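This briefing covers aromatic contacts and backbone angles. Please keep the sequence and the model open while reading.

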Amino acid sequence: MIRARLMATAILFHGNDMLMMKRSPNRTLSPGLWASVGGHMEPHEIGDPAAAVLREIYEETGLLAEHIANLRLQYILIRLNQQEVRQQFIYTAETLKRDVGSTDEGELHWIPRHQVLHREIPFIFRKLLEHYFTEGPNPHVWVGTAGYDEEGNSAVHWTQLIDPQQI
């Protein structure tokens, strides 16, 4: 039986640096790899992924909502992982302060933007960052679905999320 997992993630910038977490080798998802802050949505957050991402930011960094500027839903990623559909809401934002706390989920580091893709990053998150660094912030949300390209290589297919009734 296929199950669903809903997650909310934040790509946080301070100036030209991006906050990344070197995940603990003991984590279930992506142990030892570099990622952003975020996690699973609680049942009461299912209809409000922004609340979930702000909670995750606070839990993993100590940053409060008042320390975050321009929080914006930029991506929704969907992938099948064995018998689990994972849907991830990815927000971008700037932090108004650089000091972050510590977390038992991994080590937090500010990485210069030009060095981010030189880290060991999970495949789907790497594809998202490559897309974001190429396309930049957009007024619309991108939906990415994991699959294969014409040659059978792992790929993420991007589509703009558009309400056809508003066109």
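How many aromatic pairs does the structure hold? The structure holds four, where rings of Phe, Tyr and Trp (its six-membered ring) pair if their centres lie within 6.5 Å, with planes under 30 degrees apart counted as stacked, over 60 as edge-to-face and the rest as tilted. This is a predicted model, in which local features need pLDDT of at least 70 and side-chain atom pairs count only at pLDDT 80 or more, while totals for chains, interfaces and linings use all residues. Residues are numbered from 1 along each chain as its sequence is written, and side-chain values use heavy atoms, leaving out hydrogens and water.

**Aromatic contacts**
- The ring centres of Tyr75 and Tyr132 are 6.4 Å apart with planes at 70°, so this pair is edge-to-face.
- Because Tyr75 belongs to strand β5 (residues 68–81) and Tyr132 to helix α2 (residues 123–135), the pair ties together parts 57 residues apart in sequence; helices (H or I, at least four residues) and strands (E, at least two) are DSSP runs, numbered from the N terminus.
- Tyr75 is buried at 0% relative accessible area, and Tyr132 is buried at 5%; buried means under 20%, exposed over 50% and partly exposed in between (1.4 Å probe, protein chains only).
- One aromatic cluster is formed by Phe13, Tyr75, Tyr132, Phe133 and Trp158.

**Positive phi angles**
- Asn70, in strand β5, has a positive phi near 60° and is not glycine; Asn70 is exposed at 57% relative accessibility.
- Gln82, in the loop between β5 and β6 (84–95), also is not glycine and has a positive phi, near 55°; Gln82 is exposed, with a relative accessible area of 69%.
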